[in-house]
Every structure is written in C-alpha cells, then in structure tokens.
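Trainee: I am new to this structure and would like to understand the words used for it. Could we go through them one by one?

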Amino acid sequence: MATKKSRKKKIKNVSFKVGEFIVYPAHGVGKVTSIDQEVIAGFDIEVYVVAFEQDKMTLRVPTAKAATSGMRALSNDLILKDAFTTLRGRARIKRTMWSRRAQEYEAKINSGDLVLLSEVVRDLHRTDDQPDQSYSERQLYENAIDRMVREVAAIKKATRSAAMEDIIETLTLARQKAAAKAAAKAEAEADNDEDGGEAAA
C-alpha cells in the first residue's frame, strides 16, 4: 500500500515549466510553449501545450497525466554518457526474422529512452564498406538517429548538425577500433598457425 501511495505522489509531483524542453515517447523532443486551462468534456483541465518544431505539430497533454503518458525531462549528463558508451559498443544483431527485430527496434525508438535509442543507432549504423541497408532498415535508422540528435542537441544546447557530427564520429571511431582489433587478432592467429606449421615440420 505504501508503495502505491508513494508512486502516486511521485507522479503527481512531475511538472514542467514554459520554455522547457521535454521528451514525449512517441514524438521525441518538444518544447513546452504554454500551460493552458481548457474545457474538455465539461471539465476544466490544465494542459501543457508542447510544440514539436521539426514535425510542425502541437500536442496538448493534461498536466495530471504527463507522467503516466511517459512525458519526461531531458536526460541528464549521466544518461547521455551511457548513451555514448552504448554507441561505442559492439553491434548486437539478433538472429531472428527481420520483422521481429524491426518491431523491437520500433519499440525502442518509441520508448523515449535515450540509451535504448542509442542501441538502435549502433545496431543499424552502416559504414561505407558495409552492405547497403534495406529500405525499412534505413527508415528505422533515420528515425532513431533523428530522435537521438534532437535530444543530444537540446541537452548540450548545441545545433543539430553539431550533435549529428558528434554521434557519427563516435560510431566511426568505434568501428575503426573494432576493425583494427579484428585485423590484429587475425594476424596473430595467422602467425601462430605459421609457427605451428614450422614446429611440426
């Protein structure tokens, strides 16, 4: 019972200010432009008016339901650091049907979670020497990186192009390091095979 009470209290205390950037799971980064009173179904309801500039869209979210809708403040520096650490990691592609993986990627994109977004970006990123993506892969990758770029830019108070550059550079360096490591490992294995062959001779 105590848990339910504390959870309710926590949800009730979530509040955003006019001018504040927020993240809404299904739409990404938006800005609270005003807090209005509206009459909905005969009830006087307070709503956050959130503008999503890039999508030219405005959303009205009842203040009492902001937390349960998943609306949140921008990620903090610790989460941002985790997201970039994730980008540097090795791509983890499951050996399941593409339709299943696509659903999982879509769910991560719409979760509103920056670290989950970075997982999609990492897994679907392709370098010039890698095979081309299918149309659906490309669409998911572009959706994920667009969401990530918008939040990184808002957190760092930077331009979107600077945020994009930062993300791509992190991915590229990670791929280069992984390729160099794989090449060194292959070379070491080849040397071992040669040594083994000479010993046997």
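Mentor: Gladly! Let's start with Arg138 and Glu142, which form a salt bridge with their closest N and O atoms 2.9 Å apart. Keep in mind that this is a predicted model, where local features need pLDDT of at least 70, side-chain atom pairs count only at pLDDT 80 or more, and totals for chains, interfaces and linings use all residues. Residues are numbered from 1 along each chain as its sequence is written, and side-chain values use heavy atoms, with hydrogens and water left out.

Trainee: Why is the contact of Arg138 with Glu142 called a salt bridge?

Mentor: The term asks for a side-chain nitrogen of Lys or Arg within 4 Å of a carboxyl oxygen of Asp or Glu. Arg138 and Glu142 have their closest N and O atoms 2.9 Å apart, so the pair qualifies.

Trainee: What separates Arg138 and Glu142 in helix H5?

Mentor: About one helical turn, because they are 4 residues apart in that helix. Helices (H or I, at least four residues) and strands (E, at least two) are DSSP runs, numbered from the N terminus.

Trainee: What makes Arg122 and Asp123 count as buried?

Mentor: The relative accessibility of Arg122 is 6%, so this residue counts as buried. Asp123, at 4%, is buried as well. Their side chains also meet in a salt bridge (2.9 Å, N to O), and a search of the whole structure finds 11 salt bridges.

Trainee: Why is a space called a cavity or a pocket?

Mentor: Both are found on a 1 Å grid over the protein atoms alone: a cavity is a set of points where a 1.4 Å probe fits but cannot get out, so a pocket differs in being an open set, with protein on both sides within 12 Å along at least five of seven lines. Lining residues have an atom within 4 Å of a point. The structure holds 1 cavity of 30 Å³ or more, and about 60 Å³ of space lies in the largest cavity. Its lining includes Val23, Arg72 and Glu151.

Trainee: What makes up the lining of the largest pocket?

Mentor: It divides into 5 nonpolar, 3 polar and 8 charged residues. Here Ala, Val, Leu, Ile, Met, Phe, Trp, Tyr, Cys and Pro count as nonpolar, Asp, Glu, Lys and Arg as charged, and the others, Gly among them, as polar. Helix H6 (residues 160-200) gives the most to this lining, with 7 residues. About 460 Å³ of space lies in the largest pocket, a volume being the space filled by probe spheres set on the grid points, which are joined across faces, edges and corners.

Methods:
Buried < 20%, exposed > 50% of the residue type's maximum accessible area, 1.4 Å probe, protein only.
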